[in-house]
Amino acid sequence: MNNTFVTDSIKYIGVDDPDIDLFESQYVVPNGVSYNSYVIMDEKITVMDTVDKRKGAEWMTKLEEALEGRTPDYLVVSHMEPDHAANIANLAEKYPSMQIVGNVKTFTMIGQFFDIDIEGRKIVVKEGDTLELGSHTLKFVFAPMVHWPEVMMSYEISEKILFAADGFGKFGTIASDEPWEDEARRYYFNIVGKYGVQVQAVLKKLAGTEVSVICPLHGPVLSEDLSHYLGLYDTWSSYRPETEGVFIAYASIHGNTAKAAERFAEILREKGVKYVKVSDVSRTDIAECVSDAFRYSRIVFAAASYDAGVFAPMHDLLNHLIGKGWKNRKAALIENGSWGPTAARTMKGLLEEMKNIDICENTVTIRSAMKAADEEKLEALADELLK
C-alpha cells in the first residue's frame, strides 16, 4: 500500500514499523505494525489521522509527496491514542490554515496531550454530522469505547468508504503476509475485546450502509469479501465462539501437568473433536492465549498448584480473561498437587468472577505424576466437557 491509491482520489500515506518490539508496551508483534493514514484529494483536501511519533518524519514526507505542493484544508482525528495522534501538533504548526475536525472529547484530549492553541481552527462534529469536501462527503459515526471514548469513524458517502479507526485493524506491517484472521483476532480481543457491546452498537449503526472499502488505522485496506470481516466482527463482539473445538491451556512446572494436558488432547481427538489447540501458558504469548480462549467454544485450564493457589502463569491468564470480559464458554479444570492441591479451587474462584461460564462438575486432580487411574478420570471429564 505504500504511496498507492485506495481509489483514484484517496491516497494511502501510512507507514510500517517493522522494528517495534512491543505494541502498547505489552503485545509481542513479530511482524511489526502499520500506522495508517489517508489523504482525500478534493476541493477541500482532507488528511485522515496522523501516525506514531516513531514514524512521524517518514509520514510527513509521504504526506508532502501526496499533496504535491497543495495545502490540506482539514485534519480529521478519528482516535487520540498516540500511535495515531502523535503528529497533530506538528501538522497544525506546519499548516496554520488547516482546520481540525473532531468531537468534544477529541478536543479535550488534544488539550491534554499537546500545548497548542487551535482556537478558531476547530470543527466540532456530532453523531451523523457531515463535512462537504467537494465531490466527497464525510459522515461521522461515533464509536465510543471502541476502544477509547472519543473514537469516531467516518463514512465517505460518494465512494462508500468506511474509515474505521481502530476497527478491523490487525498486528503486522502492510508488507507482512500472515493471515488476516490470526493477527486481527489477537488484535481485536486484546485491544477491543472488552467492548463487545459498543462494537455491536456501531455495527447496528452501519447496518444497511453499503460499504465498498474499509480503511482501518492498522493493517491492510479491505476491499474484497467484506461480509467475511464484518461477520467475524459480529461473532467476536457477540462473544460467540468462532470455532467449535477445545482450547487446552496448561501451566506446568516440571512437565507432569503438561503430560496430562497432552493426553487429554489425545482423548478429545479420539472422541472425534476436530479442532483441539494446546498451549503452554508459560511460554506462549499471553495475548495469543487470550485470543484462543475467545475463539474456541470449550476450554480446559490445566495447572499446577503453587503457593497455596495456582501457578502464576495460569493466574495471569485468568486475570487477563477477567479484564477482557471473557464469557459464554464451557470450561473444565485439571489440577496437579503433590501434597495439597489448590489449583482447581483457585481457578474456579477466578472463573466464577466471569459471566456465563459453565464449569464442569468433574475436576481431575493429578497427584505429582499421571497414573492409569487418572486416564479414566480424564475420559470422564472429556465426556462431560463434550456434552
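Me: Where is Ser252 found in this predicted model?
Reply: The model is predicted. Strand β17 covers residues 243-251 and helix α8 covers residues 256-270. Ser252 is found in the loop between β17 and α8.

Me: Is Ser252 buried or exposed?
Reply: A residue counts as buried under 20% relative accessible area and as exposed over 50%. Ser252 has a relative accessibility of 8%, so Ser252 counts as buried.

Me: Which residues is Ser252 in contact with, leaving aside its neighbours within four places in sequence?
Reply: Contact means heavy atoms within 4.5 Å. With the neighbours within four places in sequence set aside, the contacts of Ser252 are Thr257, Ala258, Ser282 and Phe311.

Me: The side chain of Ser252 reaches the backbone nitrogen of Ala258 at what distance?
Reply: A polar contact is a pair of N or O atoms within 3.5 Å. A polar atom of the Ser252 side chain lies 3.4 Å from the backbone nitrogen of Thr257. For the backbone nitrogen of Ala258, the distance from the side chain of Ser252 is 3.2 Å.

Me: In what order do the 5 strands of the open sheet lie?
Reply: Strands of a sheet pair through backbone hydrogen bonds, either parallel or antiparallel. In this sheet the pairing is mixed, and the order is β12-β13-β14-β15-β16. The edge strands, each pairing on one side only, are β12 (130-132) and β16 (213-215). From one strand to the next, the twist averages 20°.

Me: Over how many bridges do β13 and β14 pair?
Reply: Strand β13 holds residues 137-142 and strand β14 holds residues 152-156. Phe142 stands opposite Met152 in β14. The two strands pair in the antiparallel sense, and the number of bridges is 5.

Me: At about what angle to β13 does helix α6 run?
Reply: Helix α6 is made of residues 196-206. The helix lies across β13, β14 and β15 (161-163). Its angle to β13 is about 145°.

Me: How many disulfides does the structure hold?
Reply: Cys289 counts as buried at 0% relative accessibility, and Cys360 counts as buried at 5%. Cys360 is in no disulfide. The number of disulfides in the structure is 0.

Definitions and conventions: Residues numbered from 1 in each chain as written. Predicted model: local features only at pLDDT ≥ 70, side-chain atom pairs only at ≥ 80, totals over all residues. Heavy atoms only, no water. Pairing = 2+ DSSP bridges. Helix = DSSP H or I, 4+ residues; strand = E, 2+ residues; numbered from the N terminus. Axes fitted to C-alpha atoms, helices over the stretch in contact; angles between N-to-C directions. Buried < 20%, exposed > 50% of the residue type's maximum accessible area, 1.4 Å probe, protein only. Polar contact = N/O pair within 3.5 Å; in protein donor to acceptor, adjacent residues only side chain to side chain. Disulfide = S-S within 2.5 Å.
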